[in-house]
Amino acid sequence: MTVQSRAHGFNVLWLQSGGCGGCTMSLLCAEAPDLLTTLDFAGIRLLWHPSLSEETGTEAVELLGAVARGDIRLDALCVEGALLRGPNGTGRFHVLAGTGRPTIEWVRDLAAVAEHVVAVGTCAAYGGVTAAGANPADACGLQYDGRREGGALGAAFRSRSGLPVINIAGCPTHPNWITETLMLLSAGLLGADDLDAYRRPRFYADHLVHHGCPRNEYYEYKASAEKLSDLGCMMEHLGCLGTQAHADCNTRPWNGEGSCTRGGYACINCTAPEFEEPGHPYLATPKIAGIPVGLPTDMPKAWFIALSSLAKAATPERLRRNAVSDHVVMPPTVRDIKRR
């Protein structure tokens, strides 16, 4: 593909920084249709992606330079992975191969000419796992450092469209969150009001992981799992944050059927800033006087206590027994609906 042909369509440049590449791996699992068909249908052109593009070495460096100079229009700069500011603010823990320049400098130059800037994944958005612990690399997100605004581009940054960095948070992101964000931007249908308080696209962040969870009946009656293989709700004992986590994982499952809770693992709220530092083991529910510290979103503590007491008292024996089993040991009663 020539530079001239790239001047048409919605041009996307993708860089990877400090991370595992998991968001790209997830993106490649897009289906019905596949990734390249989806992008082509929407008129979205990948100028360059480190894993998907043919250009390497000198060709790739020349392309990046042409984009930074404004010779090639940049509609969306996508960054995957946290930005590494160390050591001592130099950014030289991550030098872009073949350029001698820190990746963070390339990101700043390219962001200055981009119509939109998109953080792909929680690492790029807020620092994520890369910024966990002592954070010797001084990793941060594009416009957030954990929950605090700032990051690599600064709190005041706005792209040429006037928007702040768009944070497609998730560890990893769902492939459709990425493609739908890019399609909305391409069509001019994503504005400031379409982003939530942490600048995540609201089309997925206005939902909770709890929505559509296959364990919801157990949650309603507070019939709780006691170990990972159990079928019951994982909120009370196993640290599940699905009632607080902003994402549509259970109504838009991976590959049509997968999600953490569907796979038997507790939601760890990976779309949120600082999820990597919960202050307790992921599979433990912190409690005070037996009451979970992290209550469901929008629910006052008094209501939760009252509801839980009533729900536990009304728990059907079927749910009570099945909740602590790895398979259904007591099926639902078959009733003649005409004799109710």
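Two strands are counted as paired if DSSP finds at least two bridges between them, and that is the sense in which Asn 11 stands opposite Arg 45 in strand E2. The model described here is predicted. An open sheet of five strands, with parallel pairing, runs in the order E2-E1-E3-E7-E11, and helix H3, residues 57-69, has buried residues that are covered in part by strands E1 and E2.

**The five-stranded sheet**

- The sheet is open, with five strands in the order E2-E1-E3-E7-E11 and parallel pairing, and its edge strands are E2 and E11 (166-168), each of which pairs on one side only.
- From one strand to the next, the twist of this sheet averages 25°.
- Strands of a sheet pair through backbone hydrogen bonds, and the pairing may be either parallel or antiparallel.
- Strand E1 is joined to E2 by four bridges, the two strands running parallel, and to strand E3 (residues 76-80) by five bridges, again in parallel.
- Along these pairings, Asn 11 faces Arg 45 in E2, while Gln 16 stands opposite Glu 80 in E3.
- Because six of the seven residues of E1 are buried, this strand is largely enclosed by the rest of the structure.
- Strand E7 (residues 116-120) runs parallel to E11 and is joined to it by three bridges, with Ala 119 having Asn 167 as its bridge partner in E11.

**Helix H3**

- Helix H3 takes in 13 residues, 57-69, and reaches 19 Å from its first C-alpha to its last, which is close to the 18 Å expected at 1.5 Å a residue.
- Within H3, the residues Ala 60, Leu 63, Leu 64, Gly 65, Ala 66 and Val 67 are buried, and what covers the buried residues of the helix includes strand E1 (10-16), strand E2 (44-48), strand E5 (95-96) and helix H4 (103-113).
- The residue that follows H3 is Gly 70, whose phi is positive, near 90°.

- Cys 249 lies in the loop between helix H9 (235-238) and strand E12 (287-288), and its relative accessible area of 13% is under the 20% limit, so it counts as buried.
- Leaving out residues up to four places away in sequence, Cys 249 touches Trp 177, Val 209, Trp 254, Gly 258 and Ser 259.
- Cys 267 is found in the loop between H9 and E12 and counts as buried at 7% relative accessibility; not counting residues up to four places away in sequence, its contacts include Val 209, Gly 239, Cys 240 and Leu 241.

**Other residues of the loop between H9 and E12**

- Asn 269 has its place in the loop between H9 and E12 and is buried, with a relative accessible area of 15%.
- Apart from its neighbours within four places in sequence, Asn 269 is in contact with Leu 241, Gln 244, Ala 245, His 246 and Phe 275.
- Glu 277 is found in the loop between H9 and E12 and is partly exposed, with a relative accessible area of 44%; leaving aside neighbours within four places in sequence, Glu 277 is in contact with Ala 132 and Gly 133.
- The C-alpha atoms of Glu 277 and Leu 228, which are 49 residues apart along the chain, are separated by 21 Å.

- The structure holds zero disulfides, and Cys 78, which is in none, has the sulfur of Cys 23 as its nearest cysteine sulfur, 11 Å away.
- Cys 78 counts as buried, at 1% relative accessibility.
- Cys 171 is in no disulfide either, the nearest cysteine sulfur being that of Cys 123, 5.6 Å away, and at 37% relative accessibility Cys 171 counts as partly exposed.

Terms used:
Residues numbered from 1 in each chain as written. Predicted model: local features only at pLDDT ≥ 70, side-chain atom pairs only at ≥ 80, totals over all residues. Heavy atoms only, no water. Expected span 1.5 Å × (residues − 1). Buried < 20%, exposed > 50% of the residue type's maximum accessible area, 1.4 Å probe, protein only. Contact = heavy atoms within 4.5 Å. Axes fitted to C-alpha atoms, helices over the stretch in contact; angles between N-to-C directions. Disulfide = S-S within 2.5 Å.
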